[in-house]
Amino acid sequence: MALSHLKVTVGPFVFEARLEREKAPETCRIFETFLPFRNQAIHSRWSGEAVWVPLGDFQFGAGFENHTAHPSRGDILLYPGGFSETELLFAYGSSQFASKMGVLAGNHFLTVTKGQEQLEAMGKMVLWQGAQAIAFESL
């Protein structure tokens, strides 16, 4: 049976996020094969109130689906690469997804459903204290 939610941990903050399987089925399916996924989250340089996980030249394998340049608070996007490097973007407030190449659109594949009250504190911690461990795991 396919997962419906993931546990997302950034530093000491724990969130629960819904996989957007109906809107981004291929992104969800592929991302699930990488679980548990661990990396470092840093504050976004161009995207406003968001943290991101740079993945360099990693070939994720999905195209664009359910993509947006304007994520809502608690949305997690995957940019599958192309004009900029492959990356994850986790919006904690007002955000427009962008890079040094300009505005980007990423696949909205996860939505925070529990822990929203911690989003601002998480983002400010990453901004002022630097890179934090990030983990995506099955519930």
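**Salt bridges, a cavity and a loop residue**

Let's start in helix α1, residues 25-32, where Arg29 and Glu26 sit three residues apart, which means about one helical turn separates them. This is a predicted model, by the way. Those two side chains form a salt bridge, with the closest N and O atoms 2.6 Å apart. Arg29 is partly exposed, at 44% relative accessible area. Glu26 is partly exposed too, at 32%.

Why do such pairs form? Opposite charges on side chains can pair when the charged atoms come close.

How many salt bridges are there in the whole structure? The search finds six. Here is another, in helix α2, residues 119-129. Lys124 and Glu120 are four residues apart there, so about one helical turn lies between them. Their N to O distance is 2.9 Å. Lys124 has 42% relative accessible area, partly exposed. Glu120 is at 41%, also partly exposed.

Next, Glu137 and Arg38, bridged at 3.2 Å, N to O. This pair links distant parts of the chain: Glu137 is in strand β11, Arg38 in strand β3, 99 residues apart. Arg38 counts as exposed, at 52%.

Now the inside. The structure has one cavity of 30 Å³ or more. Which residues line it? Ala41, Val51, Trp52, Val53, Leu88, Leu89, Phe90 and Ile134. Strands β4 and β7 each give two or more of them. The lining is eight nonpolar residues, with no polar and no charged ones.

Last, Phe64, in the loop between β4 and β5. Phe64 is partly exposed, at 44%. Beyond its sequence neighbours within four places, Phe64 contacts Tyr79, Pro80, Gly81, Ala105 and Asn107.

Methods. Residues numbered from 1 in each chain as written. Predicted model: local features only at pLDDT ≥ 70, side-chain atom pairs only at ≥ 80, totals over all residues. Heavy atoms only, no water. Buried < 20%, exposed > 50% of the residue type's maximum accessible area, 1.4 Å probe, protein only. Contact = heavy atoms within 4.5 Å. 1 Å grid on protein atoms, 1.4 Å probe; cavity = no way out; pocket = protein on both sides within 12 Å on 5 of 7 lines; lining within 4 Å. Points joined across faces, edges and corners; volume = space filled by probe spheres on them. Nonpolar A, V, L, I, M, F, W, Y, C, P; charged D, E, K, R; others polar. Salt bridge = Lys/Arg side-chain N within 4 Å of Asp/Glu carboxyl O.
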